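Hi,

Here is the model I said I would pass on. Have a look, and my notes follow below.

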Amino acid sequence: MAANAVLSPTAKRRPVSWGNPLTYALALAVAAVSITPVVYVIIGGFRTTPQIVANPAGLPDPWVWDNYARVLSQSNFWRQVFNSAVVSLGTTIGVVVLGVCAAFVLARYTFRGREVLYTFFTLGLLFPAGAAILPLYLMLRDLNLINSYYAVILPQVAFALPLTIVILRPFLTAIPRELEDAAAIDGTGRLGFLWRILLPLSRPALVTVGILAFVTSWNAFLLPLLVLGDASLHTLPLGVQNFSSQYTSDTAGILAFTSLAMLPALIFFTFAEKQIVGGLQGAVKG
């Protein structure tokens, strides 16, 4: 009798607890691996090159502000900040607008081949951007787009659309049909329903895809390197490379330039972290 009770499928199982020390230790280890290089680069900018050579893992003694001041006083740095902002904002706007349009059709319209088209977009997640660099460069050259913002923005929008649609479609699909029917009774068309109801309800997903597009574009290096030969159009990642090549012996200055180059995207990502988590959780649930 007791054995049957133990083996009964209705017997209660102990819930899995994630609050054990091993889980916390693993989380701290992952956080340390992710944060330590960033902290090292930022603090390294407050040291001198002789200090770094003498003690690579040490703290600034004394703290030196000249490296950051020297970088901030360069006109090239601010021009590269402007270029990165234009490219990143243009990419983000293109990704959000086109992604919403495509996801709306795939989520709210019923037509033959809809799932095949959605599968085609999801397969884009498996396509490495590096494999398309050479044909992409040739196509941009034939279109006379080399050495322009469009040469970076348009390909980045195209490569970001698969992930954007995968995140947005579940949100747009989860909105009850009753809301759409009620809006139609009130005289609201499908575009009005999208603008007035779907987009406000899908705000976490929109913020998520926007942040991911912005940060990815801000940190992009390979595509701008190939299509932006004009130094006046260089973005910050290219600026880091140029600065490193020009001042190879100034390790502290390179760390300061690198810190300032990654700081906007890092701050942007940090403040929007909760929105990203909420958007991804909604996409998984959908």
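Over residues 85-109 the chain is 96% helix and 0% strand, with the end C-alpha atoms 35 Å apart. (Helices here are DSSP runs of H or I with at least four residues, strands are runs of E with at least two, and both are numbered from the N terminus.) Residues 22-43 come out as 100% helix and 0% strand, and their end C-alpha atoms lie 30 Å apart. Both spans are among those in the unreviewed UniProt entry under "transmembrane region", which lists 22-43, 85-109, 116-137, 149-172 and 252-272. UniProt positions are given in the numbering used here, feature names are shortened, and the annotations may be inferred rather than shown by experiment.

Before you go further: this is a predicted model, where local features need pLDDT of at least 70 and side-chain atom pairs count only at pLDDT 80 or more, while totals for chains, interfaces and linings use all residues. Residues are numbered from 1 along each chain as its sequence is written, and side-chain values use heavy atoms, with hydrogens and water left out.

Now the pockets. The largest one holds about 720 Å³ of space and is lined by 30 residues, with P155, Q156, A158, F159 and A160 nearest its centre. The grid has 1 Å spacing over the protein atoms alone; a pocket is an open set of points with protein on both sides within 12 Å along at least five of seven lines, a cavity is a set where a 1.4 Å probe fits but cannot get out, and lining residues have an atom within 4 Å of a point. Points are joined across faces, edges and corners, and a volume is the space filled by probe spheres set on them.

Which helix gives the most to that pocket lining? It is α8, with eight residues. At least two residues each come from α5 (75-108), α6 (114-123), α7 (133-142), α8 (150-174), α11 and α12 (222-227). By class, the pocket lining has 23 nonpolar, seven polar and no charged residues. (Ala, Val, Leu, Ile, Met, Phe, Trp, Tyr, Cys and Pro count as nonpolar, Asp, Glu, Lys and Arg as charged, and the others, Gly among them, as polar.)

On packing, the axes of α11 (residues 203-218) and α14 (residues 251-271) come within 10 Å and cross at roughly 170 degrees. Axes are lines fitted to C-alpha atoms, for helices over the stretch in contact, with angles from 0 to 180 degrees between N-to-C directions. That makes α11 roughly antiparallel to α14 (over 145 degrees; under 35 is roughly parallel, 65 to 115 roughly perpendicular and the rest oblique). I211, F214, V215 and W218 in α11 meet A261, P264, A265, F268 and F269 in α14, where contact means heavy atoms within 4.5 Å.

Two backbone details to finish. The D61 to P62 peptide bond is cis, with omega near 0 degrees, and P62 is in the loop between α3 (49-54) and α4 (66-72). N144 has a positive phi of about 60 degrees although it is not a glycine.

Cheers
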